[in-house]
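Here are some notes for a colleague who is opening this structure for the first time.

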Amino acid sequence: MILSKISMADNLDLLSSKFVFENTMQYSLSIRHQPDGYSFSVKDDNGIVMAVKHLVSEKNYIPDNDPLLNLNFNKVTYIESGAFALIPVSLFSPEHAKIFMPLEKDKLSISNIRHCSIPDNILMDNSLIAFVSNDKQLPQQIKSRLSKDLNTEFSHDALLLIKMAAMIDEHSFVLCELMAGKLIVLAVNNAKISAITSYSVNTELDMLYYIMEMYRVLNFNPEQVKLFISGELTLFPFRNIVKDFVRFHDVITPKNISDDISLPNPEYFSLISYCD
């Protein structure tokens, strides 16, 4: 399907002027299931982000015939959110996954358990991330998008955060990602993952509580162990609060974005996939 540049731009939050519509078979599409909807990002063959879009479910948006979903891509990655567990490879099986994971009863009958591998050189060896895939509940257009491509992968929020953690040059630290109503916290101690978990949050105090609880449980000294923050930066009055509890803290800013895209708000960071 050939689309005009005008119609494409009208339906995207951010679109690079270098986006070549006739060349999308060289691009990769990531679809990330967010707590408040879906996020799409498109990378070119050099790994540069060329387009970003976010659909908020509260707007009752139905993505039928969405221009981005009708283009052809070299690769499509669907990034799930929700329940997950880190399971040693030696113990992984569908039966073990059900034991390890905090599954909700209603999801067992409508969902599949999938997994994605943690690269051998990233922090924790010989483990898999098992997660509940809600692809049966996806809007029809997204399901069609996933089913029509031969090169389709499934991933999870947890893997994104682990890969982000692997880029941090610290021996011990805490990394968190803020999303709409959700917080994911990962802790690294002596260059190994000590914990990664997610929480439902409603206020900045909720976020502060769970982060500081991670420090307490792991005996991390908040005067020494650095906190890294990513995600929806509209929540970042939170940073003014956390500075009174954690001495060293920093925000992870977007990378690999086309130089002609100007992010109007830093919260777009959480819409951009680092899965590849």
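This is a predicted model: local features need pLDDT of at least 70, side-chain atom pairs count only at pLDDT 80 or more; totals for chains, interfaces and linings use all residues.

1. Which residues does Tyr210 touch, once its neighbours within four places in sequence are left aside? The contacts are with Leu183, Tyr199, Ser200 and Val201. For one of these, Tyr199, the separation along the chain is 11 residues, and the C-alpha atoms of Tyr199 and Tyr210 are 7.8 Å apart.

2. The sheet to look at next is an open one of 5 strands, arranged in the order β12-β11-β10-β13-β14 and with mixed pairing. Its edges are formed by β12 (192–200) and β14 (249–251), and because each has a single partner strand, one side of each is left without a neighbour in the sheet. From one strand to the next, the twist averages 15 degrees.

3. Within that sheet, β12 pairs with β11 (residues 182–189) in the antiparallel sense, over 8 bridges. In this pairing Ser200, in β12, has Lys182 standing opposite, and Ser200 is also one of the residues in contact with Tyr210.

4. How does the helix that carries Tyr210 relate to the strands? Helix α6 lies across β10 (173–179), β11, β12 and β13 (226–231), and runs at about 20 degrees to β11.

5. The aromatic rings deserve a separate look, and the count comes to 7 aromatic pairs. In one of them, Tyr199 and Tyr210 are stacked, with 3.9 Å from centre to centre and 10 degrees between the planes. This pair links distant parts of the chain, since Tyr199 is in strand β12 whereas Tyr210 is in helix α6. Tyr199, with a relative accessible area of 23%, is partly exposed.

6. The pair formed by Tyr215 and Phe220 has ring centres 6.1 Å apart and planes at 80 degrees, and is therefore edge-to-face. Are these two residues buried or exposed? Tyr215 counts as buried at 1% relative accessibility, and Phe220 is buried as well, with a relative accessible area of 8%.

7. Two further ring arrangements may be worth checking in the viewer. Phe19, Phe21 and Tyr27 are linked into a cluster by ring pairs, while the charged end of Arg114 sits over the ring of Phe154, at 3.7 Å from its centre.

How values were computed:
Residues are numbered from 1 along each chain as its sequence is written. Side-chain values use heavy atoms; hydrogens and water are left out. Contact means heavy atoms within 4.5 Å. Two strands pair if DSSP finds at least two bridges between them. Helices (H or I, at least four residues) and strands (E, at least two) are DSSP runs, numbered from the N terminus. Axes are lines fitted to C-alpha atoms, for helices over the stretch in contact, and angles run from 0 to 180 degrees between N-to-C directions. Rings of Phe, Tyr and Trp (its six-membered ring) pair if their centres lie within 6.5 Å; planes under 30 degrees apart count as stacked, over 60 as edge-to-face and the rest as tilted. Buried means under 20% relative accessible area, exposed over 50%, partly exposed in between (1.4 Å probe, protein chains only). A charge sits over a ring if NZ of Lys or CZ of Arg is within 6 Å of the ring centre and within 35 degrees of the ring normal.
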